[in-house]
Structures are given as structure tokens and as C-alpha cells.
Amino acid sequence: MKILSRTFLGENGFNTYPHMNGFVDGGRGLVYMRSFPACRKLYWRDLERGEEKMLAEFDAAVPGNSWDVGLHTHRLAMILGNQAWIMDLDNPRDKKTVYTPKPGVELDDLCSLSKDGKKLLCGEHHEGANVAVEIDLESGEVRELFTKSWYANHFHYCPYDENWVAFSHEGKTEEIPDRCWVWHAEHAPEGKCVFEQDSEIPGVKLCVGHERWCFHDASGYAPAYAHSPAGKRGLYEVFGDGRPAVLRWKSDIIWHCTMDLSGRYAAVDTAGPIREEPFTEKEYAEHLAYFKKHDQAKIPIDGDVALLDLETQRYVYIASARWSKHPYHPHPAISPDGRWVTWNDDDPNKKGVWLAEIDLS
């Protein structure tokens, strides 16, 4: 593995959320957004030629900072101003609202578009309930998949098998012992937790979050954070079919993750410097204290972006990145063709979205 180049794509740019796809044509293109004083603009960049075109412009006052491109289509989905809408990337003026919730119901700002671009998965927040809603974009039919009384979000299709829907038990990570859930009409019609979060100490749970479901199996990668009061911390693979979770990469500092189509490579950002671990207890405590202090005070945090080879247990440092509130977490993403990694940086000297060309050989 090696980094061939790093390219800055423009000031105040940012990528979409990690479990949503921003790449087009398998990785030949990337859709990203830039913020301006009065508006936000969506761009499509040809990664091979370096050319780009503006797709759409939105009023800065209308919320909506994440989008999903169907893996095998030129359709893009987005939640904008409490409505779900679809854009044809080949004809960006052809964008239309496909779903508006009932009065008093709030759409989650994250959505998931099926690979063929024919179904859209959304989350609805009702008073006392959280509902997964699937919209058939061909017929317009809307159906409720399931409801939870607790705070459920991060609904997204498992790209390996879209009959599995991943979702999260959201909340303060130190207080949530069952973060990672899935739903399946046959195998888990009420949903089920797929990660026990057991640490090495009986009765002590890992602090888990920012899971993303995989392309190579009915599974997801989920970081056990630095906040975890006991080990083993790191990047776990969890499974929809009942297989026990497997620690794929031991680390005290992984924060967000995504993976390539094979599942062998993962792009991560961190709550400390990436390096050959383990840290000493003193080093770990220092990194955790730094992170907690900055996170609680809402002060930007400096971390690293890295590419992990989960088979050889080797890594490549990609960049340092500063992160603050959404959408400026680094949120690295690997292109489907394995040629590119993108990430966000909130450092005022290099604030925007970045692109690294990579060689996985």
C-alpha cells in the first residue's frame, strides 16, 4: 500500500456521511458539497481528468448536508428541508421531491439509496417512536419496516444483501450497551442487536458507534472507541446472521471507518496519532484525556486519517485532519474501485475536502 498523490478539492468542501456513497461510476467520479455564505453547492468531479461541474445550489438556511448515490446508478438521494428528493446526475435539473412526512414528523437527515436506485430508506422521528420507512421510487408506495420506542437512527441498506437493514441505538456511547442492530423481514422482523459489546472484564461493556455495513458479507465494521473503559478496543466486524463479532484491528483510537468492496481494507480517522500500537497506559490516558476535554468543550480535535490492511495488519498514514461539528468530521471513504480515499479537514489553513490516490498492491 502506498499514497501516490494528495489533492485539495476546494475551500469549505465536505463529503457525505460514511455509510452513504458519494462516488459515481465505481470511483471515476465523486459528488461533494461546498459551503458559501448564502448557499451550498453540490459538485460532480471527474477524478481522472480533474474536471468538475456544479449540479445544484441550495439556500444555506435549508438543512441538508448528506447525500447517497446509488452504487450502480446515476441517481442521488438527499434529505433537504424535511423532504426526501431524488436527482438525476445526468440531468441535475431533473430533481424531484419523492416523500414528505406527515405534519409533526421529522425525517432523519441521513438516508440510504438502494444500489439500483429504485428504493429509498429513511428514518422518521415521531413523538415517542422512531420508524424506518422504505419508499418504492418506481411505484411511489411507502411502507413502514419497523418501529422502535428508543432513539433509532443511521438506517442504511447492507450493500452485500439489501434485505438486511442496519440501524443504531443512538445515545451517549458510555450508556448504550446495544448500539448495533439489523432488521430483516424473515430473519429479524423486529430487529435484533448483533454486537454484545463485551470487553475483557466481565460485566464491562465496550463503547461502540459509527458502524458501517459491508460489501463483502452480511456484516458491518464497528469501532470500539477510546472511551471504552476496558479492552479490547479497535475495529470489530459484526454479523447479521448470528456469528460472533471478530476484532479485525486492535486500536485505542479508531473513531470512524469505511471499507473497500472486498472488506480487506478500511479507511479510518482517529482520536490520536496513528502508529504501531499498543500505546502504553500513560499514552492511552493522555490521548483519551485530550479527546474528552476537546469534545466536551466543542473545541476542534486533531487526529489522523489512515488506510488499514486488515489481512497483513499493516497501515499507511494518509494525512492529519482537524475535525469539529458535522459535517466536519474527517469521515474518510474508499472509492469502489479502490483507487481513491477522500476525507474532510477543518483546519483553517487547509479546510475542505481532500483526495488521495492510493495503490493497494
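User: Let me start with a hairpin: which residue takes a positive phi in the hairpin of S21 and S22?

Analyst: Gly242 does, with a phi near 100°, and six residues lie between the two strands of that hairpin. Please keep in mind that this is a predicted model.

User: How do I read the pairing of such strands, and how many bridges join S21 and S22?

Analyst: Here is the general idea: strands of a sheet pair through backbone hydrogen bonds, either parallel or antiparallel. In this structure, S21 and S22 are antiparallel and share four bridges. One place to look is Tyr236, whose bridge partner in S22 is Leu247.

User: What pairs with strand S20 over six bridges?

Analyst: Strand S21 (residues 234–239) does, in the antiparallel sense, with S20 spanning residues 219–224. You can follow this pairing at Pro223, which stands opposite Leu235 in S21, and at Ala224, which faces Gly234 there.

User: In what order do the four strands of this open sheet run?

Analyst: The order is S19-S20-S21-S22, with antiparallel pairing. At the edges are strand S19 (212–213) and strand S22 (246–250), each of which pairs on one side only.

User: How should I picture side chains along a strand, and how many residues of S21 are buried?

Analyst: In general, the side chains of a regular strand alternate between the two faces of the sheet. As for cover, six of the six residues of S21 are buried, so this strand is mostly covered.

User: Let's turn to the helix. Where does Phe291 lie, and is Phe291 buried or exposed?

Analyst: Phe291 is part of helix H1, which covers residues 281–296. The residue is buried because its relative accessible area is 0%, and the cut-off for buried is under 20%.

User: Which residues is Phe291 in contact with, leaving aside neighbours within four places in sequence?

Analyst: Those partners are His227, Trp255, Ala271, Ile301 and Trp323.

User: Now the whole chain: how many strands does the chain have?

Analyst: There are 29 strands, along with one helix. The radius of gyration is 19 Å, close to the 21 Å from the globule rule for 361 residues, so the chain is as compact as a globular protein of that length. Its C-alpha atoms fill a box of roughly 55 × 45 × 40 Å along the principal axes.

User: And what share of the 361 residues counts as buried?

Analyst: That share is 57%. The chain exposes about 15,400 Å², of which carbon and sulfur atoms supply 47%.

Notes. Residues numbered from 1 in each chain as written. Predicted model: local features only at pLDDT ≥ 70, side-chain atom pairs only at ≥ 80, totals over all residues. Heavy atoms only, no water. Rg over C-alpha atoms; globule rule 2.2 N^0.38 Å. Buried < 20%, exposed > 50% of the residue type's maximum accessible area, 1.4 Å probe, protein only. Areas by Shrake-Rupley, 256 points an atom, 1.4 Å probe, with all protein chains shown as cover. Pairing = 2+ DSSP bridges. Contact = heavy atoms within 4.5 Å.
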